[in-house]
Amino acid sequence: MSSHRRRNLIRRGAPALLSAAALITGGLAVASQSSAFANTTTAEPAATTVHTHRLCSQPSKPGYMACQAEVRTDLKSQKSLGRQDTPKGFGPADLQAAYNLPKDGGKDATVAIVDANDDPNAEKDLAAYRSQYGLPECSTGNGCFKKIDQDGGTNYPAPDAGWAGEISLDVDMVSAACPQCKILLVEAKSASMDDLGAAVNQAVKQGAKYVSNSYGGSEEAADTTSDDQYFKHPGVAITVSSGDSGYGTEYPAASQYVTAVGGTSLKKDSSTRGWSESVWGTSAGGDGAGSGCSKFDAKPSWQKDSGCDKRAVADVAAVADPATGLAVYDTYQASGWNVYGGTSASAPFIAGVYALAGTPGNDVPAAYPYAHPDKLNDVTDGANGSCSDYLCKAGKGYDGPTGLGTPNGVAAFTK
């Protein structure tokens, strides 16, 4: 059994509460391999290795998922900011500039966030994030924000600090990509695929045309059944994190009906674009964006790579490396401003980009970037593990860790 397969097999199981100390000081450290980190205004050097902690428990039970968020533990949390202070990590203006996104767009579009367990502070924390960056109010009161359980009601599941951090990351990244979008948070009662899948179906039932899923687990033969039960929604852009364990394929990123979102390290530079990106990860593997060839899911007709007979992961990518991470505000058993990363950041961000691009046709929106590869930033440097081909190594055109590339405006996300 390969090392990445062993890692993936421990990813499923019931969620457990994480203490505030675990979220802030971090348990065991995980090395991230980017050589730079930037705040919201300037690029700053960082240690070659940064220390992170995965927010969610790593399950051992079949049929369960783990969220794909990581928090920097080598940076002190900021409970409050001085008048002249800004949060550490990239903010909305950075991401909009890096990915050439329009300043407006997405008005009245609803992006759904599907996660397990409850974040009691979700709306309050979202308000703090948006206020810090001058984004429009998004609250229950003005109809922009809505939180429901997987059955569409308000019988919220038990709270969990790890998943609450994930929820904070998700809603903040949708806000960064699409400040005018409405946000629907659907909370599954557990991290089982069946409960999370029911929450996906509920999001679609509520009218969301864009649904983000920042979780994953090992592939199983039953995944093709889950495809039809939970992810086959023509006309809905469903994004899924590719994973945070480096080279290796996870589900539901491997579903043929979703846009699998990989991850990059994002840095400011002196190029015409003003930014550069490489694969989040190293050839040593272990920590970084997930990628690979599915064992069970059929290859979609729109995917043309020749080295994988089944579904290849990923399709597109965006920043995910915690070393070049995102400013996130989270107060449920956490202390306010932190720097988060993981493909849990890139999946909701790409969902927001789809929303900026406009309502999908009655088909599979994951196909759209394949019709417009020239409208993406091709990522050609880096690797997320050891293999002999493009499935773990970046190169010109399609590759596993970053797919076809990262957003350069929204043209690649339209039919």
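Two strands count as paired if DSSP finds at least two bridges between them. On that basis, this predicted model contains an open sheet of three strands in the order β13-β17-β18, with mixed pairing. The structure also holds five disulfides. Mean pLDDT is 90 for the protein, but over residues 1-48 it falls below 50.

**Confidence**

- The mean pLDDT of the protein is 90, and 88% of its residues reach 70 or more.
- Residues 1-48 have pLDDT below 50. Beyond near neighbours in sequence, this stretch still has 164 contacts in the model.
- Where pLDDT is low, the predicted coordinates should not be read in detail.

**The three-stranded sheet**

- The strand order is β13-β17-β18; the sheet is open and its pairing is mixed.
- The edges are β13 (residues 245-247) and β18 (residues 310-313). Each has a single partner strand, so one side of each is left without a neighbour in the sheet.
- On average, neighbouring strands of this sheet are turned by 35 degrees against each other, direction ignored.
- Strand β17 spans residues 288-298 and pairs with β18 in the antiparallel sense. Three bridges make up this pairing.
- Gly292 has Val313 of β18 as its bridge partner.

- Strand β8 covers residues 145-149 and is mostly covered. Four of its five residues are buried.
- Strand β9 runs over residues 182-188 and pairs with β8 in the parallel sense. Five bridges link β8 and β9.
- Lys147 has its bridge partner in β9, namely Leu185.
- Helix α5 spans residues 161-177. With β8 and β9, helix α5 makes a left-handed β-α-β unit.

**Disulfides**

- A disulfide is a covalent bond between the sulfur atoms of two cysteines.
- Five disulfides are present. With bonded cysteines counted along the chain, their pattern is 1-2, 3-4, 5-6, 7-8, 9-10.
- One of them links Cys138 and Cys144, with sulfur atoms 2.0 Å apart. The torsion about the S-S bond of Cys138 and Cys144 is -85 degrees, and the link is left-handed. Cys138 and Cys144 are both buried.
- Another joins Cys178 to Cys181, at 2.1 Å from S to S. The torsion about the S-S bond of Cys178 and Cys181 is about 75 degrees, so this disulfide is right-handed. Both Cys178 and Cys181 are buried.
- Cys387 and Cys392 also form a disulfide, with their sulfur atoms 2.2 Å apart. The link of Cys387 and Cys392 is left-handed, with -105 degrees about the S-S bond.
- Cys387 counts as buried at 16% relative accessibility, because the cut-off for buried is under 20%. Cys392 is buried too, with a relative accessible area of 0%.

**Ser226 in helix α7**

- Ser226 lies in helix α7, which spans residues 223-231.
- The relative accessible area of Ser226 is 9%, so Ser226 is buried.
- Leaving aside neighbours within four places in sequence, Ser226 is in contact with Met193, Phe231 and Tyr251.

Notes: Residues are numbered from 1 along each chain as its sequence is written. This is a predicted model: local features need pLDDT of at least 70, side-chain atom pairs count only at pLDDT 80 or more; totals for chains, interfaces and linings use all residues. Side-chain values use heavy atoms; hydrogens and water are left out. Helices (H or I, at least four residues) and strands (E, at least two) are DSSP runs, numbered from the N terminus. Axes are lines fitted to C-alpha atoms, for helices over the stretch in contact, and angles run from 0 to 180 degrees between N-to-C directions. Buried means under 20% relative accessible area, exposed over 50%, partly exposed in between (1.4 Å probe, protein chains only). Contact means heavy atoms within 4.5 Å. A crossover is right-handed if, with the strands pointing away from the viewer, the path from the first strand over the helix to the second runs clockwise. pLDDT is the predictor's confidence in each residue, from 0 to 100. A disulfide is a pair of cysteine sulfur atoms within 2.5 Å.
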